[in-house]
Amino acid sequence: MNPEFLDRFAAALPTSGAVLLCTHRHPDPDGLGAVVGLSYLLGKKFGLHSELVLEGRIRRAENVAMRQLLEISALPKGGVNPADYHGVMVVDSQPGFSHTHPPGGLPVLVVIDHHDGPASATGEEPADYPFQWVDSNYGATSTMIYDLLRHYHVEPDKRTATALFCGVRYDTNNLLRGATPADELAFRELENLADRKIIGAIDQPPLTRAYFLQMQEAMAACQDYGTLLLTLLREVQSPEAVAEVADWFLRLEGQQWSLAGGACDGRYQISLRCDMPDADAYPALRYIIGSDGSCGGHGRMAGGQISLTDLSIDQVREQVCRRAVELFGLADVEPVFLVPEDSSVRER
Ligand SMILES: [Mn+2]
């Protein structure tokens with residue numbers, strides 16, 4: 001982190017008034033943590049009012065709990081009057097990403113993100129925005145925001161520290177995934193300032209009956225190809241449910257890849273996970289999704305979607321299954337259901 005570079009953040013800000021903050025669709029703890037932290041910095045250090053505008057509902061139980069317990073309020077996307085704001089700041093994502101659409105009619109003033117993407121790909125091109133900080137070495141955008149707070153000598157209050165801590169914690173899986181020394185420092189310092197009761201409650205949120213039904217459906221649908229577990233659902237309650245299903249089945253002993261899919265909000269969502277240390281999930285999912293959709297990812301996880309405008313859910317399921325089987329060389333494998341239909345009467 002270059003201190004002179006961070007000084008440029010202040011130059012990108014309006015001198016008074018209000019700005020909007022946004023992140024990617026269906027925000028996760030890192031996106032939420034980053035907006036809470038940035039909002040705190042803008043208010044404390046620069047006297048600027050900021051509001052969050054949310055795209056997509058938050059439905060994963062942990063994320064719902066985080067939003068409720070930390071009282072993170074947001075404007076609906078249609079509820080923004082551009083005349084009330086000087087501009088937009090985008091965190092944990094970038095304006096060019098397919099899952100991120102800053103409200104129109106306002107200039108993008110600040111982009112802070114740890115994903116590789118349009119802004120980092122511009123190479124030697126001058127920055128597109130007054131302050132653009134994209135660094136994929138960071139394990140979490142919440143860590144970048146924490147570094148910015150430190151740079152301006154602003155100590156986060158309990159709520160802000162709790163939000164940022166959740167962001168660092170979930171994006172790095174408790175520092176086990178892609179964490180740098182900066183993430184470790186942020187994790188340790190924020191943990192000391194954070195509200196432990198709230199963290200515990202976010203960790204173990206109440207789950208709806210619909211959640212258990214969804215998992216039951218996933219259990220019944222999961223097909224075992226040996227090295228691949230394939231769980232292609234029809235309608236699901238949320239895009240995050242697809243990722244949860246993929247994560248959950250990856251824990252089965254002996255398997256290597258877990259691919260899950262489900263339809264939500266006019267798109268077929270797909271998540272791919274692998275438990276081999278050096279696996280690269282993104283190119284694999286790129287192949288499986290083909291030219292019909294978009295995807296992203298790093299390391300052992302990738303996610304993407306295919307639009308259901310021109311294809312039916314079953315057409316997409318069939319296509320995803322065919323490409324996955326082809327990619328992993330499983331054409332000769334006859335899959336079995338992970339949970340056989342007569343399993344209730346079997347002794348194991
Ligand atoms: Mn993130």
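Biologist: What distance separates the centres of domain 1 and domain 2, taken over C-alpha atoms?

Modeller: In this predicted model, the centres of domain 1 and domain 2 are 29 Å apart when taken over C-alpha atoms, and the domain assignment of the chain places domain 1 at 3–203 and domain 2 at 211–337.

Biologist: How many residues does each domain bring to the contact?

Modeller: Domain 1 gives eight residues and domain 2 gives 12 residues, and the two domains bury about 890 Å² between them, with 43% of that area on carbon and sulfur atoms. Of the area that domain 1 buries against domain 2, Arg25, Arg59 and Arg60 supply 57%, which is more than any other three residues.

Biologist: Why is the meeting of arginine 60 and glutamate 244 called a salt bridge?

Modeller: The side chains of arginine 60 and glutamate 244 come to 3.8 Å, N to O, and because the cut-off for a side-chain nitrogen of Arg and a carboxyl oxygen of Glu is within 4 Å, the pair qualifies. The count of salt bridges between domain 1 and domain 2 is two, while the side of domain 1 that touches domain 2 has no nonpolar, three polar and five charged residues.

Biologist: What makes Asp30, Asp92, His114 and Asp171 donors of the manganese ion?

Modeller: Their coordinating atoms lie at 2.1 to 2.3 Å from the manganese ion, and because donors are N, O and S atoms within 2.8 Å of this metal, they count as such. Along the chain the donors follow the spacing D-x61-D-x21-H-x56-D. Histidine 114 sits in the loop between strand E5 and helix H4 and aspartate 171 in helix H6, so this pair ties together parts 57 residues apart in sequence.

Note on methods
Residues numbered from 1 in each chain as written. Predicted model: local features only at pLDDT ≥ 70, side-chain atom pairs only at ≥ 80, totals over all residues. Heavy atoms only, no water. Domains from an automatic or database assignment. Contact = heavy atoms within 4.5 Å. Buried area = accessible area lost by both parts, 1.4 Å probe. Nonpolar A, V, L, I, M, F, W, Y, C, P; charged D, E, K, R; others polar. Donors = N, O, S within 2.8 Å, 3.2 Å for Na, K, Ca; no water. Helix = DSSP H or I, 4+ residues; strand = E, 2+ residues; numbered from the N terminus.
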